[in-house]
Amino acid sequence: MDDKRILLEAKDLKKYFKTPMGYLHAVDGVSFTIEEGTTLGIVGESGCGKSTLGRALIGLNEPTGGQVIFNGNDITHVSKKRRKQLFTDMQMIFQDPFSSLDPRMCVADLIGEPLDVYRAYTSKTDREKKIAELMDTVGLARRVAYAFPHQLDGGRRQRIGVARALALDPKLVVCDEPVSALDVSIQAQILNLLKQLQKDIGLTYVFITHDLSVVKHISHKILIMYMGCLVEMCETEEFFRNPTHPYSKGLLSAIPIPSIHVERNRIHMDGEITSPIEPAPGCRFAPRCRSTCSKCFSVTPELKEISPGHFCACHMNEN
């Protein structure tokens, strides 16, 4: 992966939301890069800011601060016209394959909608041909072209979402928990489809999930987020071999083991969750951490490289 070109870079990216009690720091100073043709997994509990980060990357949520560099160009604050052009290169697959689809449109029209918006065909015949090709690509039988979302199962509905995302030949696809609403067998089908598409056409993914078992299967690099901050970042194999941050260790200990003969030593993360509204200086995980020092409650830890390619934001790893 060292010789791959960087497709997207986030620099100190921030997204705050105004509330009656102050600003909610949903994403607070996150920096990373994504290499072309790879998958970046973003993992964390519900409310950690991972979906907000994904939306900020492609401009669905305009960042409060920082920069997003895509294909060598700063796209942090661009005009609506330029943003529309960018959406041909950056697409999103949403979490719920039912609520993200218009129930009044048939499969063919749902897949063809991006083509209609961007006039990406020369004739009606060309449009029908492109829709048929997209259905073949994502494994949808052509006989369901005129079916409606409520007539299909979750797997087929999510395949429609994938086809819509691919309609304009994007370079980057943000997958916002695309398999969390599906049962296990259908999850495997969608994950294998995404991996095959990456192999065939070189797609780059930002894969957002709370399931470490899923991210292990599909990602090349992992980011662990907690309360809007990045706490650990490294290659996937390195993460599962040598997790460093106490929060990462807690997440890994919660993965179920499919055997009655193996007993896992669970790490219980008790304590109060820090408020994301105008958070005080210090480590946001400190109230739930078993290994702390006085510095943890007064100084915000910086993300530092503790070994080649492995970054961690923890005061206990600084010595």
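How many bridges join β1 to β2, and which way do the two strands run? Eleven bridges join them, and they run antiparallel. Here helices (H or I, at least four residues) and strands (E, at least two) are DSSP runs, numbered from the N terminus, and two strands pair if DSSP finds at least two bridges between them.

Before going on, a word on the model: it is predicted, so local features need pLDDT of at least 70 and side-chain atom pairs count only at pLDDT 80 or more, while totals for chains, interfaces and linings use all residues. Residues are numbered from 1 along each chain as its sequence is written, and side-chain values use heavy atoms, with hydrogens and water left out.

**The sheet**

β1 and β2 belong to an open sheet of four strands, in the order β2-β1-β4-β5, with antiparallel pairing. At its edges are β2 and β5 (73-74), each of which pairs on one side only.

**The nonpolar cores**

A nonpolar core is a set of buried Ala, Val, Leu, Ile, Met, Phe, Trp, Tyr and Cys residues joined through side-chain atoms within 4.5 Å. Buried means under 20% relative accessible area, exposed over 50%, and partly exposed in between (1.4 Å probe, protein chains only). The largest core has 40 residues, and those that touch the most other members include Ile 111, Val 162, Leu 194 and Phe 207. Among the elements that each supply at least two residues of this core are α3 (107-117), α5 (154-166), α6 (184-201) and β8 (204-209). The largest share, six residues, comes from α6. Apart from this core lies another, of 29 residues, among them Ile 34, Cys 48, Leu 86 and Ile 208.

Leaving aside neighbours within four places in sequence, Val 162 is in contact (heavy atoms within 4.5 Å) with Ile 93, Val 138, Leu 193, Leu 194 and Leu 197.

Gly 155 lies in helix α5. Gly 155 is buried, with a relative accessible area of 5%. Not counting residues up to four places away in sequence, Gly 155 touches Leu 182, Ile 186 and Ile 190.

**Pockets and cavities**

Both are found on a 1 Å grid over the protein atoms alone: a cavity is a set of points where a 1.4 Å probe fits but cannot get out, and a pocket is an open set with protein on both sides within 12 Å along at least five of seven lines; lining residues have an atom within 4 Å of a point. Grid points are joined across faces, edges and corners, and a volume is the space filled by probe spheres set on the points.

| Space | Volume |
|---|---|
| Largest pocket | about 460 Å³ |
| Second largest pocket | about 380 Å³ |
| Largest cavity | about 60 Å³ |

The largest pocket is lined by 20 residues, with Gln 91, Met 92, Phe 94, Pro 114 and Arg 164 nearest its centre. β6 (90-93), α3 and α5 each give two or more residues to this lining.

For the second largest pocket there are 23 lining residues, and Asp 28, Cys 229, Leu 230, Thr 300 and Pro 301 lie nearest its centre. The largest share of that lining, four residues, comes from β2.

The structure holds two cavities of 30 Å³ or more. Thirteen residues line the largest cavity, and the closest to its centre are Cys 283, Cys 289, Ser 291, Cys 296 and Cys 314.
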